[in-house]
Amino acid sequence: MFIISYKLPYAKLDSTIETLAINDIYNVFYENPLEITTDDYGYGYLEKEDEDIILKVAFEDKKEYLDDFIKTLTSLLNMDYINIEENNYDYTTYDFPAIHLDDTWVIANPEEDFEDKKKINFISQGAFGTGLHETTQDILKLILNDLDLKNKSVLDIGTGSGILSIAASIAGASIVDAVDIRDITDEVLLNSSLNNLENITPIVGNILDDSSLITNNYDWIFINIGGEETKMFMNFIKTHLNTNGTILVSGLVEWSFDEIKENVESYGFKLQSKHQTNEWVTAIFK
C-alpha cells in the first residue's frame, strides 16, 4: 500500500474529500494540528482551523498503476503531493514494548522472557488500555500487589484491552466480567488465553441503557474511564455492588478529584486510599 500526502488549508478539506469521493476515491484520512486543552475532568483538544493540514490518500492496487493514480489525483486536486510513503506493515505481528510495572511485574509480548519477573502476556490490538498510561499502571500495581481479590467477583467497566480484567484474574478473582461499549471480545479473549485464563467474560454494549447485559452483583467494580463517566455510572455501581463491596476508580485528574470524591461519597462510600502519579489519581472507595 502507498500513502500519498498533500498539504492544504483546513478550509478546503471538506470540498477536497468530496471531490475525491465523487470520483470513487474513499480511502482518505487527514492529520490536522491540534491544541491540547483541559476541562473539568481531564484533557481535550481543539482543531486549529487556521493552519494547514496533511491530507493522505491510500493506494492499495499494484505498484505499476501508482503513476496513473497520482496523475488522476493531480488532475482532481490541482496540486502536487508532498510525500509518498510505502506502507508494508504486517498486521499479523504486533510490536508491543515491554512495560515494567515494578520490580515484580512486567507486561510483555508472549515471546519475551524475563527470568526475574512475573509476566502478563499481552498483545495490543488497538483497544484503549494497553498499560502505558499512568492511571492504568497505577491501578495494575494495586490489583497485582495490594488488593485482596482471592475468590472475589469483579466487574471491569470500560475494559478496553482487558488488561485490568486479566490482572484481576491473575490476582485470584473467581469471576471477572469485562464490559465495553465497543466490541472488544476478540482482543480480551486472545489476551486471556495467552495467560491461560478462562474466567473472564467479555460483555459488549451500553450497560446504562440495557439492564439485561449485567444482572449480577460484584465484590469489586473497576472503572478507569474518567471523572465525568464515573459520576454517570454511580447509580449503576451502587446497584450492582455487593454489601461491603469496593470500588476502584481511576482515570481521574487532580483538579477534579475532590468533586468526584464528594460525588462517590454521596452514595454512601468512604475513601479508603488515594494514589497519584503526576496529575492522575486512582482511588479506592468502600
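Okay, let's start with helix H2: its buried residues pack against strand E1 (2–9), helix H1 (13–22), strand E5 (52–59) and strand E6 (83–86). Contact here is heavy atoms within 4.5 Å, and helices (H or I, at least four residues) and strands (E, at least two) are DSSP runs, numbered from the N terminus.

Quick caveats. This is a predicted model, where local features need pLDDT of at least 70 and side-chain atom pairs count only at pLDDT 80 or more, while totals for chains, interfaces and linings use all residues. Residues are numbered from 1 along each chain as its sequence is written, and side-chain values use heavy atoms, with hydrogens and water left out.

Back to H2. Which residues of H2 are buried? They're Leu66, Phe69, Ile70, Leu73 and Leu77, with buried meaning under 20% relative accessible area, exposed over 50%, and partly exposed in between (1.4 Å probe, protein chains only). Looking down the axis of H2, the buried residues fall within an arc of 100 degrees, so they line one face of the helix; that arc is taken over the directions from the helix axis to the C-beta atoms. Why does that work? An α-helix has 3.6 residues a turn, so residues three or four places apart point the same way. On the face of H2 turned away from the buried side you get exposed Asp67, Lys71 and Ser75. Just past H2, Asn78 takes a positive phi of about 60 degrees.

Lys238 lies over the face of Phe269, 5.1 Å from the ring centre; the test is NZ of Lys or CZ of Arg within 6 Å of the ring centre and within 35 degrees of the ring normal.
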